[in-house]
Amino acid sequence: MQAMVLDAPGRPLRPAVLPTPRPGAGQVLLRVRSCGICRTDLHVVDGELPMPKLPLVPGHQVVGTVTAGGEGAARFRVGDRVGLAWLGWTCGECRACREGRENLCERARFTGYQLDGGFAEYVVADERFCYPVPEGYPDLQAAPLLCAGLIGYRCLQHAGPAGRLGLYGFGAAAHIVVQVARHRGQRVFAFVRSGDEAGRLFALEMGAEWAGDSLGPAPEPLDAAIIFAPAGELVPAALRAVRPGGVVVCGGIHMSDIPSFPYELLWGERSLRSVANLTRRDGEEFLALAPEVPVRTHVEVYPLEQAGMALERLRGGRVRGAAVLVPS
């Protein structure tokens, strides 16, 4: 099969021909139909996440067709269209798993990080961590739901019933979250980099009622804010923007250092918390909700061999919505 391979952090992805993987016990083999590109893929490729499997096939927003099943795999039939996300395996035995917090599993393994992912023509996956893809979503539009959508949904849940919601960084996740929030009757304020007129207009197009400088003041006090951009300086800015009792949720898996800030920004019972990974329940809930909204994803499409170019566009903030790879 054709694949894009990371040999070492910091190196460009390498096109390669690899043996098509065989599904083991409880696994399915998926023919990849599309694979979304996520900022987490950048963190893996750039070495900001430690100790990836090497060599590695990145990619964790996979839409694929089941072509075979390993021993005991019976959840899906050959020909079913399924999605594969970041959480690829958990132990089911540690304290976090027993408490229903499998996103914090001590031995979790993640797709496109410790497990080969979807920047390829085929990928194997534990069938327990695959999801039926909702009808009505073409392959390209479905792929961003599997991480941008899922992590955005988990962030939204932790932000609570915020009547006035701020979104810092308007990319793949935020352009989905704004649709869900508006569906719930929430008002959304988008914060983008100074001078990013394209991002500002995109946020307004997707339903934000205001969009402006991420380091500037909010037009009115926020009840909650979600930070998707991996920029630590946004934490004090968001705390400054939320009212007393408000919450700031950091949705990224990696962020630059948070600068020091005066205690008064946190005082007033404001909360600051992170969101780590996701659970299968998040996936099931969001993929049931998405057609009700209905969520519509905006994608830029790239052939598999242009994965490096797509990552570079994402790194430079030049992707409108989400980038998606398609095997040749």
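These legends accompany close-up views of a predicted model. Local features need pLDDT of at least 70 and side-chain atom pairs count only at pLDDT 80 or more, while totals for chains, interfaces and linings use all residues. Residues are numbered from 1 along each chain as its sequence is written, and side-chain values use heavy atoms, without hydrogens or water.

**View 1. Helix H4 meets helix H8.** H4 (residues 148–159) and H8 (residues 280–289) are DSSP runs of H or I, at least four residues. Their axes, lines fitted to C-alpha atoms over the stretch in contact, lie 9 Å apart at an angle of about 100 degrees. The two helices are therefore roughly perpendicular (65 to 115 degrees). Contact (heavy atoms within 4.5 Å) involves, among them, Gly149 and Leu150 of H4 and Asp282 and Leu289 of H8.

**View 2. A ring pair between H4 and H8.** Here Tyr153 and Phe286 form a tilted aromatic pair, 5.8 Å centre to centre with 40 degrees between the planes. Rings of Phe, Tyr and Trp (its six-membered ring) pair if their centres lie within 6.5 Å; planes under 30 degrees apart are stacked, over 60 edge-to-face, and the rest tilted. Tyr153 lies in H4 and Phe286 in H8, so the pair ties together parts 133 residues apart in sequence. Tyr153, at 8% relative accessibility, counts as buried (under 20% relative accessible area, 1.4 Å probe, protein chains only), as does Phe286 at 0%.

**View 3. Phe170 and Phe202.** This aromatic pair is edge-to-face, with 5.7 Å between centres and 85 degrees between planes. Both Phe170 and Phe202 are buried.

**View 4. Arginine over a ring.** The charged end of Arg280 sits over the ring of Phe129, 4.0 Å from its centre (CZ of Arg within 6 Å of the ring centre and within 35 degrees of the ring normal).

Conventions. Axes fitted to C-alpha atoms, helices over the stretch in contact; angles between N-to-C directions. Parallel < 35°, antiparallel > 145°, perpendicular 65-115°, else oblique. Buried < 20%, exposed > 50% of the residue type's maximum accessible area, 1.4 Å probe, protein only.
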